[in-house]
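Hi,

Here is the structure I promised to pass on.

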Amino acid sequence: MGEFAADRHVKYILSVEKRKDDFESVVMEHLRLNGAYWGLTTLDLLGKLDAVDADEVISWIMQCQHESGGFGGNIGHDPHILYTLSAVQVLALFDKLNVLDVNKVASYISSLQNEDGSFSGDMWGEVDTRFSYIAICCISILQRLDSINVERAVNYIVSCKNVDGGFGCTPGGESHAGQIFCCVGALAITGSLHHVDKDLLGWWLCERQVKSGGLNGRPEKLPDVCYSWWVLSSLTMIDRVDWIDGQKLVKFILECQDTENGGISDRPDDAVDIYHTYFGVAGLSLLEFPGVKAIDPAYALPVDVVNRIFFGR
Amino acid sequence: MHGRPRKAPKPEDSAALAAKSQKLRSLQSQFLSFHHGCTYSKEALETSAKLLEINPENYTAWNYRKLAVEHNVNECGTDPDSIKSIFDEELRVVENALRQNFKSYGAWHHRKWVLSKGHSSMNRELMLLDVFQKLDSRNFHAWNYRRFVTTLMNRSLEDELKYTENMIEINFSNYSAWHNRSILLSKQLKEKDKGLSFQDVLSKEYNFVRDALFTDPDDQSGWFYHLWLLEQTIQCEAPLLLSSWPANGADLIISGNGCIHAATGLLSGLPIDLKRFPLILYFNQSVEGIDSSTVNVEAEIYSNKDLTWKPLSPRNSCTSRVWVAYTDLSGIDLSSLSPQRIRVRLGHCAGIMSSNGFHLNKPVNIEYSIAGKYIEIEPSERQENEIFSWTDDDSYNSGELDESSPIALYMQAVEDNHEAAASGWHIDIVTEEINHFRDLLTIADCKIGKLTLARLLIARDGMISPLRNKMAHSEEVLDLYRDLIKLDPPHSKFYKDQSSLVLLQQLISSRKALLKYCFSYKGFKSSQSVDSLVCLRLNNLSLSRVGSFEKLLWVQFLDLSDNELHSIEGLEALQLLSCLNLRNNKIASFSALEPLRSLKSLRALNISYNEIGSHPVDTRRYLFTSPISHSGDISWKRDEDLPDGVSMENYWEAFIVFKDLDLVQMDIAGNPVADEKFQSFLVKISPALKWLDGQNLH
């Protein structure tokens with residue numbers, strides 16, 4: 001079994017946080033808030049969240065918020081539901097949800113719900129079940145699930161269920177592990193998993209494991225570390241996680257590490273990035289790898305953070 | 001982010017990259033200042049177009065362009081040509097961006113936004129889609145866009161079905177095309193009035209997918225499609241009532257303390273809660289519409305109107321396979337009650353429907369009788385003061401349970417009600433498929449062949465006699481799963497779970513088979529020879545999964561020890577369950593015990609030697625009623641519900657499971673969580689508890 005280079009990954013994440021001017025960072029400037037979530041959650045899973053200056057991060061995050069209550073991906077960027085969730089998740093990590101005007105954020109989210117129960121990403125109306133998950137997850141962390149129409153939201157998600165048991169981005173959309181995570185997560189948070197055919201979906205999901213031990217996102221595709229999260233968390237939520245070979249997957253994730261410079265890539269020997277580093281570590285967490293804190297498969301936050309929100313002090 | 005090789009940047013490259021990133025940064029800042037300044041001039045638009053060509057993921061730039069369009073359209077009044085050219089420019093920008101990244105969400109949405117405005121021609125769109133299909137036939141953005149465009153253009157279902165057929169013929173491995181076909185076909189099947197028979201459509205599809213499967217058995221694309229066809233074939237009929245409690249033809253005698261007897265002696269032996277005497281209906285599919293208007297219960301001792309039917313499996317859905325209504329017999333003087341005939345009727349009026357839309361329209365009548373019994377000796381009172389010994393094999397005696405024992409007679413009454421199912425086209429189709437797959441397996445020893453054959457055999461057994469559920473092919477199916485475990489080790493737990501279900505079905509499929517697992521318990525010192533408590537012992541069978549319990553609704557004593565269970569889903573149907581042994585299994589959390597919350601008659605529970613407390617990740621967390629999943633009827637008030645000095649922190653799941661049960665006896669040793677702290681917590685929240693891990697608490 002390969003070695004898990006936790007310290008190197010921590011160093012890598014901290015270095016990315018400081019890097020703002022290389023091409024990679026500039027191209028992804030507009031989604032820096034997502035990057036913050038990926039990096040900081042990974043640090044927390046590895047027990048090193050205190051390595052960053054929480055106040056600095058929080059003050060930057062709050063500068064991304066607009067009048068409407070929604071957050072943009074970076075300062076100056078338009079508000080969107082994607083970055084609003086990341087903002088709320090990062091604040092939850094730091095146990096600083098109290099800096100938010102919860103009503104404002106809740107009303108931004110609820111304003112994005114459509115008649116049919118679906119959610120738009122922003123005022124321009126793109127509809128996708130990713131946004132259903134994001135809305136439900138975000139509003140649930142804020143403990144304001146009552147601000148949206150849960151029944152319609154659930155019905156819309158169910159309308160995106162396919163004959164293979166999976167879910168797509170809109171009704172009729174092909175099943176894809178990322179969308180499946182979003183739909184299963186949303187149904188999990190709203191106590192609606194009885195809408196999922198767990199045996200049918202479980203089989204589709206477990207067949208994502210290919211010979212190398214890695215997981216792909218849909219049939220006939222290449223394995224990718226990020227599916228260690230999308231597929232694994234879905235399997236965990238429906239209690240079918242032992243239908244894949246966990247040890248082989250651990251081996252695959254470890255092979256995707258850059259053990260020298262830190263970070264994890266999509267496939268062995270590819271370039272690393274924060275996104276795959278997070279998903280690799282999150283996958284190891286779900287596989288109960290020693291030294292990694294447990295992560296909640298629906299909220300995608302450490303279990304102790306979720307417990308703190310719902311059973312708090 | 002994806003698929004770039006890992007290599008250290010060379011110095012020359014670093015300099016070039018730094019310049020590139022400076023250029024992009026200044027372009028992005030320039031754009032942002034135009035955006036914040038609401039500047040929509042030609043120059044500003046050019047900047048955003050250049051930006052999107054390099055970085056189509058910059059979502060704010062797409063937003064800006066929409067604002068610019070709205071602004072500029074306003075400016076040019078009503079001239080249709082100017083308006084059209086504004087939108088055409090947007091389409092051009094999108095095409096450029098898609099060339100850079102044909103998976104850009106922002107680009108595709110912008111195109112949809114433009115087309116929805118109605119000022120653009122649709123002519124190019126299908127052609128554009130053909131280009132993208134050739135570049136990547138699995139691009140789901142393109143397929144989504146195709147659905148959007150064909151809806152706008154009102155293209156017929158038949159034309160689109162033909163398109164998927166063409167795509168599949170070009171490449172069998174096009175899962176996206178198969179998926180699209182399934183969507184179109186589902187729509188077509190729903191339009192039943194179009195004169196298409198279900199049977200014709202399914203037959204054609206079976207032939208179509210078999211070509212794909214047999215050409216390359218390792219290609220997954222056909223697998224899931226074939227499984228869908230099989231499910232459609234199985235579920236194309238009206239729902240059936242598999243069993244009920246009490247069963248049709250049963251003659252029950254209930255003593256004042258709640259013990260249920262059959263005509264000659266105790267049925268099972270332990271008292272149940274008379275305030276909640278259950279009526280259970282168990283269907284072969286999930287149904288909805290069970291209420292006191294669709295299920296008519298005629299009884300003198302209680303009123304049909306007062307019955308509230310609730311779904312059991314699952315609990316918080318409006319459709320369920322198992323439904324229960326509780327009747328209150330506590331107010332009746334059972335010592336002198338003469339036999340009361342009770343009749344349960346369903347299917348006499350519309351309303352009960354499966355989730356596939358098929359109605360239960362054949363009337364079903366269940367008739368049973370309840371009589372009271374006067375008991376001089378109250379065996380159960382003494383039994384409640386005695387500990388139930390789980391592991392003492394001498395206490396169990398199977399010799400007495402032969403064909404003439406009360407339990408056997410009861411099961412006989414249950415079995416005799418079952419009519420054989422009619423034959424039909426769906427059975428013929430499955431039989432034909434079985435032959436095809438048997439042929440395939442002689443040529444190719446392949447995984448999908450074996451798995452599909454196993455599924456087909458199970459389906460056929462289920463169709464031939466759904467009520468008897470005699471499994472003619474169970475041995476062959478179990479062999480196939482054994483082969484699959486060898487052929488495909490990473491998925492062995494999946495095959496193991498399927499085997500467990502088949503094995504269990506096999507074990508309980510006939511009265512004779514079932515009796516082998518029924519034992520009479522003689523462990524109570526105070527019991528009389530006539531009081532034989534019947535225990536169903538399904539221990540040590542390597543069961544990793546338990547399935548349908550429709551034949552076991554009478555069970556009050558269940559021993560599932562020494563198996564490999566991590567879930568007990570389905571047990572909620574056993575409403576009469578009083579003693580449950582889950583010792584030495586793989587239960588990993590308290591949340592896995594959720595089904596027990598519905599078992600109001602449960603008094604003795606053994607969960608010793610499981611794995612509660614050794615797993616940081618709880619895989620049953622979202623299948624459990626709790627605030628985290630916003631489910632259920634718990635009024636959660638943190639520490640207010642707890643006795644003084646007890647901490648909720650690590651035990652909230654246990655609190656939810658045990659607080660509403662009246663357990664008298666519990667065994668929890670051998671679980672990492674079961675330290676002294678937990679033991680005292682458990683004692684505090686279970687006021688009725690008398691024995692913990694064999695120790696008398698008083």
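Predicted model: local features only at pLDDT ≥ 70, side-chain atom pairs only at ≥ 80, totals over all residues.

Residues are numbered from 1 along each chain as its sequence is written, chains are lettered from A and ligands numbered from 1 in the order in which they are written, and side-chain values use heavy atoms, with hydrogens and water left out.

Let's start with the interface. Here 82 residues of chain B are in contact with 96 residues of chain A (contact means heavy atoms within 4.5 Å). The rule finds 8 salt bridges across this interface (a side-chain nitrogen of Lys or Arg within 4 Å of a carboxyl oxygen of Asp or Glu). B:R25 forms a salt bridge with A:E29, with 2.3 Å between the closest N and O atoms.

Now to strand β14 of chain B, residues 533-537 (strands are DSSP runs of E, at least two residues, numbered from the N terminus). All 5 of its 5 residues are buried, so the strand is largely enclosed by the rest of the structure (buried means under 20% relative accessible area, with a 1.4 Å probe and protein chains only). B:L533, B:C535 and B:R537 point one way, and B:V534 and B:L536 the other.

What are its partners? β14(B) pairs with β13(B) in the antiparallel sense over 4 bridges, and B:F519 stands opposite B:C535. With β15(B), β14(B) runs parallel, joined by 2 bridges, and B:L536 stands opposite B:L558. Two strands pair if DSSP finds at least two bridges between them.

Best wishes

Note on methods:
Buried < 20%, exposed > 50% of the residue type's maximum accessible area, 1.4 Å probe, protein only.
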